Amino acid sequence: MVGAGAVGLAVAHALSSKGRAVAVLEKQPAFGQGISSRNSEVIHGGLYYPTGSLKARFCVEGRRRLYRFLDEHKVAYDRCGKLVVAPDEADIPRIEAILAQARENGVERIEPLSAAQARTLEPELACAAALISPESGVFDSHGYMLALAGEIGEAGGVLALRTPFLGAEPLAGGGWRVRAGGEEPAELAAGQLVICAGLEAQAAAAAIGAYPKALIPRLHYGKGVYFRLAGPAPFRRLVYPPPIQGALGTHYRRDLGGQAHFGPDLAFVETEDYAVDPARASRFYADIRRYWPGLKDGALEPDYAGIRPKLHGSGEPQPDFRIDGPEVHGLADLVALFGIESPGLTSSLALGEEVARRLGA
Ligand SMILES: Cc1cc2nc3c(=O)[nH]c(=O)nc-3n(C[C@H](O)[C@H](O)[C@H](O)COP(=O)(O)OP(=O)(O)OC[C@H]3O[C@@H](n4cnc5c(N)ncnc54)[C@H](O)[C@@H]3O)c2cc1C
């Protein structure tokens, strides 16, 4: 296994719980330091994704599995619910389309609300209409990864930190010779190889000499910044405007500690740079005031940024997750995951099960 983010750990968890011997190579000194530590920590309902897509399937299935896992492992979460709002009358057809898609995807208990009903739930909200998705929530994603790592260890799996994957060659009798770097570089034999390397998935695939380079999807960095609110959180529930092209829109979240955050936005960038430009706040004020007119000037402070491992560029349609096995690249005993952007955290346990299934576990 390459990569100990939420998805790599979930895959390793699925494999080790089915009796497979697993070693996870992680180049950082700790797990979960990549995309999995720079996101919204939202448990998504699974509303938006096209019928039949991996995102639709794994988000709904992954969410159900995730709540069960969090309960079993006493990891903190708040199933606070989410309001998808139509700020203006003109936005109502868009949220009606989301309602239809959500029902098609099997999302439980999602219902339309009038403006008055929405304001009864969240008095500071301004909207023409809304949807409520009671199954959406926020969670302690680090606690989740810690629980996964603990169970992988208990099942005999190995998490090798500070151990970069350098490349692999197919072995004559099947499986892979894997080159690992770090303080004690080593070569190891693996029956099967899974790449869950987030923003470096393409680089990891390219380091496998036999991988057909033309079949490695192009990576685009989709940066999103957050601003936090100075002052008390105005809403208990998540609040999302209708999605923008390529992302879910500048939404509101109250984290488990009670801090209010807004974001992420979306900008395609060329380098992995996590700076938050304070100038982006002006757009945030305008977007947020469409559903929260009470936002005061000067109340937004730069927070943090994350980068989505996108498989599309600006203005292009957003593709599905990619789980590329031998039917795509022609190499036995190899699965490579690409483009695991949102809702990757929510989907992680379902992705883990799917990869394990494809590897015959
Ligand atoms: C701004 C933003 C907001 C998001 N919000 C949400 C949300 O609210 N809900 C949700 O469900 N999803 C959300 N997502 C998506 C979610 O965060 C990701 O899908 C998920 O974290 C991806 O996990 P991963 O394990 O694939 O990648 P990562 O967490 O990046 O893990 C990959 C790991 O591979 C390691 N690695 C890379 N190359 C090598 C190598 N050569 N050798 C060894 N190790 C290597 C890295 O160090 C890293 O630890 C969001 C994403 C972003 C960017």
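H1 is mostly covered, with 11 of its 12 residues buried.

Visitor: Before we go on, what kind of model is this?

Guide: This is a predicted model.

Visitor: Which residues of H1 are buried?

Guide: The buried residues in H1 are Ala6, Val7, Gly8, Leu9, Ala10, Val11, Ala12, His13, Ala14, Leu15 and Ser16.

Visitor: How far apart are the end C-alpha atoms of H1?

Guide: They are 16 Å apart. At 1.5 Å a residue, the 12 residues of H1 should span 16 Å, so the two values agree.

Visitor: What follows H1?

Guide: Glycine 19 follows H1, and its phi is positive, near 90°.

Visitor: And what lies in the segment before H1?

Guide: Glycine 5 lies in that segment. Not counting residues up to four places away in sequence, glycine 5 touches Glu26, Gly32, Ser36 and Met145.

Visitor: Ligand next. Which residues come nearest to the ligand?

Guide: Of the 39 residues around the ligand, the nearest are Glu26, Ser36, Phe165, Ile340 and Thr346.

Visitor: What is the ligand's distance to glutamate 26?

Guide: An oxygen atom of the ligand is 2.6 Å from an N or O atom in the side chain of glutamate 26. There are backbone pairs as well: a ligand oxygen atom lies 3.3 Å from a polar backbone atom of alanine 6, and a ligand nitrogen atom lies 3.2 Å from a polar backbone atom of lysine 27.

Visitor: How much of the ligand does the protein bury?

Guide: The ligand taken alone exposes 1000 Å², and the protein buries 96% of that.

Visitor: Which elements give two or more residues to the shell around the ligand?

Guide: Those elements are helix H1 (6–17), strand E18 (300–310) and helix H9 (344–358).

Visitor: How do the shell residues divide into nonpolar, polar and charged?

Guide: The shell around the ligand has 17 nonpolar, 15 polar and 7 charged residues.

Visitor: Staying with H9, is serine 347 buried or exposed?

Guide: Serine 347, which lies in helix H9, is buried, with a relative accessible area of 0%. Leaving aside neighbours within four places in sequence, serine 347 is in contact with Phe58, Cys59, Gly62 and Phe321.

Visitor: Where are proline 264 and proline 343?

Guide: Proline 264 is in the loop between strand E16 (260–262) and strand E17 (267–269). Proline 343 is in the loop between strand E20 (334–338) and H9.

Visitor: How far is glycine 263 from glycine 5?

Guide: Their C-alpha atoms are separated by 22 Å, and the two residues are 258 residues apart along the chain.

Visitor: Changing topic: which residues other than glycine have a positive phi?

Guide: Among them are lysine 74, with phi near 55°, and arginine 109, with phi near 60°. Most residues other than glycine have a negative phi.

Visitor: Where is lysine 74, and is lysine 74 buried or exposed?

Guide: Lysine 74 sits in the loop between helix H2 (54–72) and strand E3 (77–78). Lysine 74 is exposed, with a relative accessible area of 75%.

Visitor: What about arginine 109?

Guide: Arginine 109 is in the loop between H3 and E5. Arginine 109 is exposed too, with a relative accessible area of 51%.

Visitor: What do the buried residues of H3 pack against?

Guide: They pack against strand E4 (82–86), strand E5 (111–114) and strand E6 (129–133). The buried residues in H3 are Ile92, Ile95, Ile98, Leu99, Gln101 and Ala102.

Visitor: And what follows H3?

Guide: Glycine 106 follows H3, with a positive phi near 85°.

Visitor: Last one: where is leucine 47?

Guide: Leucine 47 is in the loop between strand E2 (42–43) and H2. Leucine 47 counts as buried, because its relative accessibility is 0%, under the 20% cut-off.

Visitor: Which residues is leucine 47 in contact with?

Guide: Leaving aside neighbours within four places in sequence, the contacts of leucine 47 include Ile98, Gln101 and Ala102. Other contacts of leucine 47 include Lys82, Val84 and Ser133.

Technical notes: Residues numbered from 1 in each chain as written. Predicted model: local features only at pLDDT ≥ 70, side-chain atom pairs only at ≥ 80, totals over all residues. Heavy atoms only, no water. Near = heavy atom within 4 Å. Polar contact = N/O pair within 3.5 Å; in protein donor to acceptor, adjacent residues only side chain to side chain. Areas by Shrake-Rupley, 256 points an atom, 1.4 Å probe, with all protein chains shown as cover. Helix = DSSP H or I, 4+ residues; strand = E, 2+ residues; numbered from the N terminus. Nonpolar A, V, L, I, M, F, W, Y, C, P; charged D, E, K, R; others polar. Contact = heavy atoms within 4.5 Å. Expected span 1.5 Å × (residues − 1). Buried < 20%, exposed > 50% of the residue type's maximum accessible area, 1.4 Å probe, protein only.
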